Amino acid sequence: MTETEGPMSGTGDHEDEEELRWLDEQEKAAWTGLISLVLLLPGKLESPLRQDHGLTLFEYLVLSHLSEAPGRRLRMGELAFLASGSLSRLSNVVKRCEQRGWIVRTPDPADGRYTLAELTDAGFALVERAAPTHLRSVRHTVLDALNATDRKALARIAEKLRIVPDDFG
């Protein structure tokens with residue numbers, strides 16, 4: 001198929017739209033590589049965390065970001081952004097973490113309209129135990145295969161494609 005031909009190259013419901021541009025070979029390779037990373041990489045990074053610590057990757061990211069924050073606390077909206085999740089997903093995960101004694105939520109004393117998530121000592125201890133597992137997985141699965149130029153390119157591309165959740169305040 002050429003850039004303008006495709007399985008639906010006939011007359012469609014969107015006649016007023018500009019002509020559909022099908023992916024060329026380079027674009028298709030880039031897209032296929034990206035979607036493979038998006039769909040497969042999280043599972044590869046999550047598997048050791050689940051096996052060794054009973055954590056999902058998202059739970060680990062939430063706890064890890066809190067462990068690095070001043071006072072080990074962040075507003076929920078900021079935490080959702082840092083962990084690359086929506087506020088509703090974060091709320092569900094934080095609720096589970098609260099039940100396990102890893103996080104507490106409190107109103108933000110600077111502005112009561114916001115909620116702070118704070119990492120407890122038990123949560124911090126869990127992050128300290130899980131961090132080496134995660135680091136080994138990240139190095140083995142991603143970073144060790146890349147040279148310095150590749151890592152810079154990946155960081156640059158990730159910044160360009162940064163997606164902000166719809167409910168990020």
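## A partly exposed leucine and its patch

Leu-161 counts as partly exposed because its relative accessibility is 47%; buried means under 20% relative accessible area, exposed over 50%, and partly exposed in between, with a 1.4 Å probe and protein chains only. Leu-161 sits in the segment after α6 (148-160). The model is predicted: local features need pLDDT of at least 70, side-chain atom pairs count only at pLDDT 80 or more, and totals for chains, interfaces and linings use all residues. Residues are numbered from 1 along each chain as its sequence is written, and side-chain values use heavy atoms, with hydrogens and water left out.

Leu-161 belongs to a nonpolar surface patch. Areas come from the Shrake-Rupley method with a 1.4 Å probe; for residues, only the protein chains shown count as cover. Patch residues have over 30% relative accessible area and no salt bridge; nonpolar side chains (Val, Leu, Ile, Met, Phe, Trp, Tyr) are joined within 5 Å, like charges within 9 Å. Helix α1 (residues 25-53) gives the most to the patch, with 5 residues.

## Overall architecture

The protein has 6 helices and 3 strands. Both are DSSP runs numbered from the N terminus: helices are H or I with at least four residues, strands E with at least two. Along the sequence the pattern reads α-α-β-α-α-β-β-α-α.

Of the 169 residues, 26% count as buried. The accessible surface of the protein comes to about 11,700 Å². Carbon and sulfur atoms account for 54% of that surface. Contact means heavy atoms within 4.5 Å. Among contacts between residues at least 6 apart in sequence, 50% join residues at least 24 apart.

## Salt bridges around Glu-59

The structure holds 7 salt bridges. Each is a side-chain nitrogen of Lys or Arg within 4 Å of a carboxyl oxygen of Asp or Glu. Glu-59, Arg-96 and Arg-100 are linked in a network of such bridges.

Arg-96 meets Glu-59 at 3.6 Å, N to O. This pair links distant parts of the chain: Arg-96 is in helix α4 (residues 87-99), Glu-59 in helix α2 (residues 57-68), and they are 37 residues apart. Arg-100 meets Glu-59 at 3.2 Å, N to O. Glu-59 counts as buried because its relative accessible area is 3%. Arg-96 is partly exposed at 34% relative accessibility. Arg-100 is partly exposed too, with a relative accessible area of 41%.

## Arg-72 and Asp-121

Arg-72 forms a salt bridge with Asp-121; the closest N and O atoms are 2.5 Å apart. Arg-72 lies in the loop between α2 and β1 (73-75) and Asp-121 in helix α5 (residues 121-141), so the bridge ties together parts 49 residues apart in sequence. Asp-121 is exposed, with a relative accessible area of 59%.

The backbone of Arg-72 also stands out. Its phi is near 55°, a positive value in a residue other than glycine. Ser-84 likewise has a positive phi, near 60°, and is not glycine. Ser-84 is found in the loop between α3 (76-82) and α4. Ser-84 counts as exposed because its relative accessible area is 51%.

## Arginines over rings

A charge sits over a ring if NZ of Lys or CZ of Arg is within 6 Å of the ring centre and within 35 degrees of the ring normal. The charged end of Arg-75 sits over the ring of Tyr-114, 3.9 Å from its centre. Arg-89 lies over the face of Phe-58, at 4.0 Å from the ring centre.

## Val-142 in its loop

Val-142 is placed in the loop between α5 and α6. Val-142 counts as buried because its relative accessible area is 18%. Leaving aside neighbours within four places in sequence, Val-142 is in contact with Leu-41, Ser-137 and Leu-154. Val-142 and Leu-41 are 101 residues apart in sequence, yet their C-alpha atoms are 8.8 Å apart in space.
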